[in-house]
Amino acid sequence: MRRVVVTGMGAVTPIGTGVEKYWENAKKKTLGFGEITRFDTSDFKVKLAAEVKDFVAKEHMDFKAARRMELFCQYAVAAAK
């Protein structure tokens, strides 16, 4: 079994990217859900979701690397940094 050491924290959430922004908004009781914007919801009953908004991948990683990754991978890399 391999051991892992956590040396920091990262957060990419609907209420903020980065631990400080996330914690600040959590203390303010900021809601992270709203209307779905990433796809057309006209055929669905549900219209609300907790999407990560205002995320710019090139602020957290190399632009070329970000282009080759799915969005969830970009979130993971940003949180890991």
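Predicted model: local features only at pLDDT ≥ 70, side-chain atom pairs only at ≥ 80, totals over all residues.
**The largest pocket**

- The largest pocket comes out at a volume of about 240 Å³.
- Its lining takes in 19 residues, and those closest to the centre are P14, G16, K21, K53 and D54.
- Two elements each give two or more residues to that lining, namely β2 (16-17) and α1 (19-27).
- By residue type, the lining of the largest pocket splits into six nonpolar, eight polar and five charged.
- As background, rolling a probe the size of a water molecule over the atoms is what shows where empty space is left.

- L31, F33 and L48 together make a nonpolar surface patch of about 340 Å².
- F33, one of the patch residues, sits in the loop between α1 and β3 (34-35).
- F33 counts as partly exposed, because its relative accessibility of 49% is between the 20% and 50% cut-offs.

**The salt bridge**

- Search the whole structure and you find one salt bridge.
- The partners are K28 and E24, whose closest N and O atoms are 3.5 Å apart.
- K28 has 56% relative accessibility and so counts as exposed.
- E24, at 42% relative accessibility, counts as partly exposed.

**Two residues with positive phi**

- K29 has a phi near 60 degrees, which is a positive value in a residue other than glycine.
- You'll find K29 in the loop between α1 and β3, and its relative accessible area of 71% makes it exposed.
- D54 also belongs on this list: its phi is near 60 degrees, again positive in a residue other than glycine.
- D54 lies in the loop between β4 and α2 (63-67), and with a relative accessible area of 78% it is exposed.
- D54 ties back to the pocket too, being among the lining residues closest to the centre of the largest pocket.

- A49 is part of strand β4 (residues 48-49).
- A relative accessible area of 26% puts A49 in the partly exposed class, because buried would mean under 20%.
- A49 and G34 are 15 residues apart along the chain, and their C-alpha atoms are separated by 5.8 Å.

**Other positions and distances**

- C73 belongs to helix α3 (residues 71-80).
- C73 is partly exposed, at a relative accessible area of 27%.
- F39, the residue we opened with, is in the loop between β3 and β4.
- The C-alpha atoms of F39 and A57 are separated by 19 Å, while the two residues are 18 apart along the chain.
- G8 lies in the segment before β1 (12-13), and its relative accessible area of 47% makes it partly exposed.
- From G8 to A50 there are 25 Å between C-alpha atoms, for residues 42 apart along the chain.

Conventions: Residues numbered from 1 in each chain as written. Heavy atoms only, no water. 1 Å grid on protein atoms, 1.4 Å probe; cavity = no way out; pocket = protein on both sides within 12 Å on 5 of 7 lines; lining within 4 Å. Points joined across faces, edges and corners; volume = space filled by probe spheres on them. Helix = DSSP H or I, 4+ residues; strand = E, 2+ residues; numbered from the N terminus. Nonpolar A, V, L, I, M, F, W, Y, C, P; charged D, E, K, R; others polar. Patch = residues over 30% accessible without salt bridge, like charges linked within 9 Å, V, L, I, M, F, W, Y side chains within 5 Å. Areas by Shrake-Rupley, 256 points an atom, 1.4 Å probe, with all protein chains shown as cover. Salt bridge = Lys/Arg side-chain N within 4 Å of Asp/Glu carboxyl O. Buried < 20%, exposed > 50% of the residue type's maximum accessible area, 1.4 Å probe, protein only.
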